[in-house]
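Student: Can you walk me through this one? I'd like to start with the chains and then look at some side chains.

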Amino acid sequence: MTSVARDRSCRDSRLLGAYLDGELDGATLLEIEGHLPTCDVCQERVELDKSMRGTLKNIVRGPMHVGGSVGGAARPGLDALRARAKAAMLAEQARADVRAIEGQEQANVASRLLGWRTMVPIASAAALALLWGGLGHGPLSDVGARPVHAGFADDLLADLVAEHSSHVPPQWTDPKDVRALDQYVGVPVRPASFERTGARLIGGRVLPVRQQHAAMLEYVIGSGAGQRRLSVFVYDPHKIQISGAGLAPHPVGTAQIQVGSENGYSVAVTQHGGVGYAVASDLDTDRSAEVAALADEPLGDE
Amino acid sequence: MPMLRSTVEASKENAKDTDSFAEEALTYMDAMYGVACRLTRNPTEAEDLVQDALVKAMRARHQFLVGTNLKAWLFRILTNTFINKYRRGGLEKTLLEGPDADPLADGWVSASTMRQLRDPEQIALLPIVEGEVRRALDALPQEFKLAVILCDVEEFSYEEIADIMACPIGTVMSRLHRGRKLLQKALYSHALSMGIVKGEETVGGERTSAPADLSAYRARKRGAV
């Protein structure tokens, strides 16, 4: 076998790769180590291979160049990505906690009458409190203490109004992060659309809705004592259905909108481009309908 | 609601654990991003890919066995996410296993040429060399590229790579070997066209004045399928 050892090593340079990778078994390792000092070509293969690894490390770990152009834009610091990824990971955990609480709660109350409408806001508020506390803001003090508004024929709508009235702080305040909520709801989220009424985006969060997720975008409009709050729920209408029972048609331009009001809050529901929108606000139904109609208008800057 | 309260308490205890898992996973984020950039060739998509993978890891973290290799586990999720998201059809199966119709000859250049390719005197040419290797790396079939990066850059073992790429170790070795050869060929071809090295007789005896490049290799492979 020794007579073919040299021949085999020279012909099969994958053994040299495995040698550099530290993956050879003892016998083969000895064979290669015996061969190398006698063979210029194999020595050079090893050296070239080492040099290539150094180059590859520089390429993969160094600044990002797209398309192979040398001297292209340097990779920006990864701190922003780190912060974004961490927030997304913690939010994922918060959602898991919500699911856990929902599951336990459903098991506990089994046949009792505590509905989704009280449960989920409390559960999501609790999860948010954890997330908030984890971020160093301290836990929320009034979890579970707020009133729930009912009265709409559609329970889900009443739930959304309850969310609107809850004043739970948003998870994300950067519009870029709010747009990224589309990954949870499965439809595009365009917070800027609704700023055209003069409303200012405060932030957004993911809302668990009957085993699905909606994005909740929170805005304020006006200032001082005249300031009003506005929430836009963005959802996939195939997964989350609002029956529209008890709502009245209220077309704005070409947009088909249904409106209703209860306890001083108004709601406006519409669909556009396969996306469902529900607006809940402190404003009157006309204004809520106007906001909902904006979903129907193209936006140039996004 | 005492039960709800106890769940919240339990979750709070869990939160510290959650945070430490996130922190530990994030220590591998830079490496994941580097690999994601080469896979997607787009920094924005790479960021999305890394974030998606980390969120999936968080969701599945109870499946991770503490004490085993977190980095390899994260790279497996990254790889799967990439395949699922960007390459619905999976990796380039047509370029995969099976006997190579026209195996890249091992003895393709002499010792002196190889020495020139890594010669310290050529250090001034380093950016050009890097640019060329980067182009060649980007052009590699995905499964060759991934094997080479996981081994040569991230220094995973063959066993770990086999686990990450869900293939036998023999396949890992084959992908590594062929990927590295293609990179070296591209570098040599470039050096030849730049006049850094001269065309020469190979050890095997064939003229390499027109060395096989990657596109010719792929064209041959496609033609052979």
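This is a predicted model: local features need pLDDT of at least 70, side-chain atom pairs count only at pLDDT 80 or more; totals for chains, interfaces and linings use all residues.

Student: What percentage of chain B is buried?
Tutor: Of its 225 residues, 55% are buried; for chain A the figure is 49% of 302. Buried means under 20% relative accessible area, exposed means over 50%, and partly exposed is in between, with a 1.4 Å probe and protein chains only.

Student: Which residues touch the most other members of the largest nonpolar core?
Tutor: V50(B), L54(B), W73(B) and F75(B), in a core of 84 residues. A nonpolar core here is a set of buried Ala, Val, Leu, Ile, Met, Phe, Trp, Tyr and Cys residues joined through side-chain atoms within 4.5 Å. A second, separate core has 35 residues, including L181(A) and V279(A).

Student: What does V50(B) contact?
Tutor: Setting aside neighbours within four places in sequence, V50(B) contacts L81(A) from the other chain, plus M29(B), M32(B), Y33(B), A36(B) and L78(B). Contact means heavy atoms within 4.5 Å.

Student: New topic. Is E92(A) buried or exposed?
Tutor: E92(A) is buried, at 2% relative accessible area. Its place is helix α5 of chain A, residues 79-109.

Student: What does its side chain make a polar contact with?
Tutor: The side chain of E92(A) makes a polar contact with that of R95(A), at 2.9 Å. A polar contact is a pair of N or O atoms within 3.5 Å; within protein, one must be able to donate a hydrogen and the other to accept it, and residues adjacent in sequence count only if both atoms are side-chain atoms. Not counting residues up to four places away in sequence, E92(A) also touches R99(A), V55(B), M58(B) and R59(B).

Student: How many aromatic pairs are there?
Tutor: Six, over all chains. Rings of Phe, Tyr and Trp (its six-membered ring) pair if their centres lie within 6.5 Å; planes under 30 degrees apart are stacked, over 60 edge-to-face, and the rest tilted. One of the pairs is F194(A) with Y219(A), edge-to-face, 6.3 Å centre to centre and 70 degrees between the planes.

Student: Where do those two sit?
Tutor: F194(A) is in the loop between α9 (182-185) and β1 (200-209), and Y219(A) is in strand β2 (residues 212-221), 25 residues apart. Together with Y277(A) they form one aromatic cluster.

Student: What about F75(B) and F156(B)?
Tutor: F75(B) and F156(B) are also an edge-to-face pair, 5.2 Å centre to centre with 70 degrees between the planes. F75(B) lies in helix α4 and F156(B) in the loop between α7 and α8 of chain B, so the pair ties together parts 81 residues apart in sequence.

Conventions. Residues are numbered from 1 along each chain as its sequence is written. Chains are lettered from A and ligands numbered from 1 in the order in which they are written. Side-chain values use heavy atoms; hydrogens and water are left out. Helices (H or I, at least four residues) and strands (E, at least two) are DSSP runs, numbered from the N terminus.
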